[in-house]
Amino acid sequence: MNTNDERDHRSARPLARERSTLFDLHAEAYDRFRPSYPDAVIDELLGPRPAGLDVLDVGCGTGIAARQMAQRGAKVLGVDLAPRMAEVARRHGIDVEIAAFEGWEAAGRTFDRVTSAQAWHWLNLPLATTKAASVLRPGGKLCLIWNAGSQPDDLADALEEVYAKIVPRGGHRLFRGYAADRSSDLQTGLGAEIEAVSAVPDFGAPTEKWFPWTRVYQRDEWLGQLVSRSDHSALEPAVRDRLFESIGTAIDGHGGSFVMHFETVLITATRLGSR
């Protein structure tokens, strides 16, 4: 590991380093099965004139959100700690620099948008939020995106029984849905992330907007998505295999597919100052 790599790994939170390794092991599954983001979210964060905007996508992963922005004409640079994930993003045409954002060198570059889809919570929030303000041009925006979703309640009940029977108690938290367990959990709390933005004087007051949507998952699609999730891939292999088999059986009992009810949140804050 070279000096820059050592600095980047020291800058990242320990859990972020650990989970980035797990994400990296399943980069192809991540790219294939992870949900994208509603067009309305991408349009909202880029605004009416997306062509030519300079966007820094933090924790870009395999470039799922970055590709959606690039398709609208934005010039997107990704930053990610996981090299395999970055390589997949590059195959999709996204330029990526390997680094923890907290230790990443901007080298004088500034941007119209700093975005992060499904990744900002892994970062050192005070440090990352302050750094985002430092690389944004006045009037630029920090735009943070998360998906949350749940299965229909009857399937959620069946999955609750599966997880309770197979997963040992006292371990790390697993979501049976996607950052949610039931429909009442969809709008998950992001208080720490919002407080971190509010604490940076260079940002105006953050706004929060939710976008509901749905997606049909076939049994194997859902299991493929679970492979890409760090909470599930961190399980002991024997436990994970039993769990996935039983999840598949539960979905088969539901007809082999289900409608996932998602809500995507967009948190936005504008960089203050004169252009």
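Mentor: Helices (H or I, at least four residues) and strands (E, at least two) are DSSP runs, numbered from the N terminus. Alanine 238 is located in helix H12, which covers residues 237–253. The model is predicted, so local features need pLDDT of at least 70 and side-chain atom pairs count only at pLDDT 80 or more, whereas totals for chains, interfaces and linings use all residues. Residues are numbered from 1 along each chain as its sequence is written, and side-chain values use heavy atoms, with hydrogens and water left out.

At 46% relative accessibility, alanine 238 is partly exposed (buried is under 20% relative accessible area, exposed over 50%, partly exposed in between, with a 1.4 Å probe and protein chains only).

The partner of H12 here is helix H10, residues 219–227; the two pack at an angle of about 150°, and their axes are 10 Å apart (axes are lines fitted to C-alpha atoms, for helices over the stretch in contact, and angles run from 0 to 180 degrees between N-to-C directions). That angle makes H10 roughly antiparallel to H12 (the term covers angles over 145 degrees; under 35 is roughly parallel, 65 to 115 roughly perpendicular, the rest oblique). H10 supplies Arg219, Trp222, Leu223, Leu226 and Val227 to the contact, and H12 supplies Phe244, Ile247, Gly248, Thr249, Ile251 and Asp252 (contact means heavy atoms within 4.5 Å). Sorted by class, the contact of H10 with H12 comprises 7 nonpolar, 2 polar and 2 charged residues (Ala, Val, Leu, Ile, Met, Phe, Trp, Tyr, Cys and Pro count as nonpolar, Asp, Glu, Lys and Arg as charged, the others, Gly among them, as polar).

Now the chain as a whole. The protein chain has 12 helices and 7 strands, and buried residues are 53% of its 275 residues. Of the contacts in the protein chain with a separation of 6 or more, 77% join residues 24 or more positions apart. The C-alpha trace spans about 60 × 40 × 35 Å along its principal axes.

Glutamine 118, in the loop between strand S4 (111–117) and helix H7 (125–135), has a positive phi of about 65° although it is not a glycine; glutamine 118 is buried, at 11% relative accessible area. Alanine 179, also not a glycine, has a positive phi of about 60° and lies in the loop between helix H8 (153–166) and helix H9 (191–198).
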